[in-house]
Amino acid sequence: MSGEHKILSIDYSKCIGCETCESVCKFANDTPRIHMTRTRDGVMAPLYCHHCEKPNCALVCKRGAIRRDRDGAVILQTMHCRGCQTKSCLVACPFAAIFETDKGVMLAKCDLCANRRQLGLGPACVDMCPCGAIAYVARAEAEALETDASRAAFARVMEHIKPSGPAGK
Amino acid sequence: MDAMNFNFACAEPAPPKPGSVGIIGAGPSGLAAAGYLSCLGYQVEVYDKLPKPGGLMLFGIPGHRIPAERIALGVRDMERKYGVIFHTQTKICCSAPLHDEEGDHFCKEMLGFGELIKKHEAIIICSGSWKSRKMGIPGEDLPGVYSGLEFLFPIRAARYQSPSVKIPDVAGKNVVVVGAGHSAVDVVHGAIRLGAASVTMCYRRTAREAPCGVFEIERAGELGAAFRHLVTPLRILGAGKVEGIEIRQGELAEAGERGACAMVPGSEKVAALPADVVVAAIGEIATPPFAKELGLEDVRKGEVHWLHMTAIENVFVAGDALTGPSKIGKAVYSGLRAARSLANWLDLKALNRQDAYAYDDLIAIDDHKGGARP
């Protein structure tokens, strides 16, 4: 079942760091849920929710505020979120894709544009990325999109989020 | 290749609304604004000096980074499904002398700004930043000296067959690139692909501070480009054409215990690099028409009563034309916000209530909270 659910998949080797995804997300959702970052080497990369098969964020949330909706998107139910101080979900995310904000429960995460999905539209960032770097595909098909370049670029970004060397200790 | 969907704000066109909107410039902010307003049902007409919509996404950034087809398909959808009319090779005249900016020679038609204001209910200026910044050193006018855009633009534009567009001839030549932004990197890649004998990037600070980042510099190095840090260009050498560039070269100190390094004081030496082509990729300047008359400085500061509205009440401004050179994403956001503001204003105008909100607080305050400042 979960292989059919659609997720976002960003090819970091195609990304030029133009921030269109973040801007459009901000326009569509007020608080952006995808965030452009710059690694120490100056590689630009948007951090985004992978809507994991086994989402750590949902596991660690004591309130059960993070759930899968009927399309398989991992969503934060702000109604149930307490905005707790520990922010376990934020810490638990392997992709650094839950963001602290200054509004409401002080957290923002991608819900694959839930409000747009109701209208039969897809995620706004996918529509507007000039490079075509963001795909909205079934989880089972995401792997087929990978290339050597995309895997290498992904590894560079992960090394920045979670350094393996002495810097990470 | 999927289309870019400039009409992302809606699933299908809304019923037509009375009134038309003109948009000057078909770059990221203009196209985003056109997409948004055509979703609402306005008749949108877009004017651009170039033969194809896309602006610097198409003519400034190399095709291996942004696929031209993806923009073209998005534009086609806007034309066919949303009835947007594109007037290409049309320049809205004119505060700067013609042929002052890259791409001016493509214009086949001139339209007066006054005509446009009368023709449309409202217009948005999204004319971007097309004038290259100069180094301001002697010898800069010698043949063989290019700005980043002068170098990159013809590579993309030559396929549109304007006789006055010529790809820079760098085959077998020594190329020196001044600057270390993304355009500078694109120039390096372009020069190598066009068969330059050597390519040297010169940057005033070090790779660690370079806007393009260490990774891109290393990658350029793998392709065969040299990188020199702590360089100040002094003058371009040569008689009749470029023969070299005189620079002041600093020396980097050893990293201290805390890792930071700086230039060795007094280490600067004057040197001459042989060069047949010098490209100064040091940024662009916005050249919106009638900046003064439209009070763009006030719009920039947010000292206006309507978001993105200029001193002329049915003229709005967005993107790089307003903020100066930025990023595609910033331009898109600015275009979308201006479009929304324009639509709100037109709605009130239809009710004859546009004065009802005009004396609210200046929007600058609001704007700061939104974090939308450049």
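Which residue in β17(B) is the bridge partner of B:I123? In this predicted model, the partner is B:V315.

## The sheet in chain B

Chain B holds an open sheet of five strands with parallel pairing, in the order β3-β2-β1-β6-β17. Its edges are formed by β3 (85–87) and β17 (315–317) of chain B, each of which pairs on one side only. On average, and with direction ignored, neighbouring strands of the sheet are turned by 20° against each other.

Helix α1 (residues 28–39) of chain B lies across β1 (20–24), β2 (43–47) and β6 of chain B. The helix runs at about 165° to β2(B).

## Contact between chains A and B

The contact takes 21 residues from chain A and 25 residues from chain B. On the side of chain B that touches chain A, α3 (68–82), α7 (213–222) and α10 of chain B each supply at least two residues. Helix α10(B) gives the most to this side, with six residues.

By residue type, the side of chain B that touches chain A divides into 16 nonpolar, six charged and three polar residues.

Conventions:
Residues numbered from 1 in each chain as written. Chains lettered and ligands numbered in written order. Predicted model: local features only at pLDDT ≥ 70, side-chain atom pairs only at ≥ 80, totals over all residues. Pairing = 2+ DSSP bridges. Helix = DSSP H or I, 4+ residues; strand = E, 2+ residues; numbered from the N terminus. Axes fitted to C-alpha atoms, helices over the stretch in contact; angles between N-to-C directions. Contact = placed C-beta atoms within 7 Å. Nonpolar A, V, L, I, M, F, W, Y, C, P; charged D, E, K, R; others polar.
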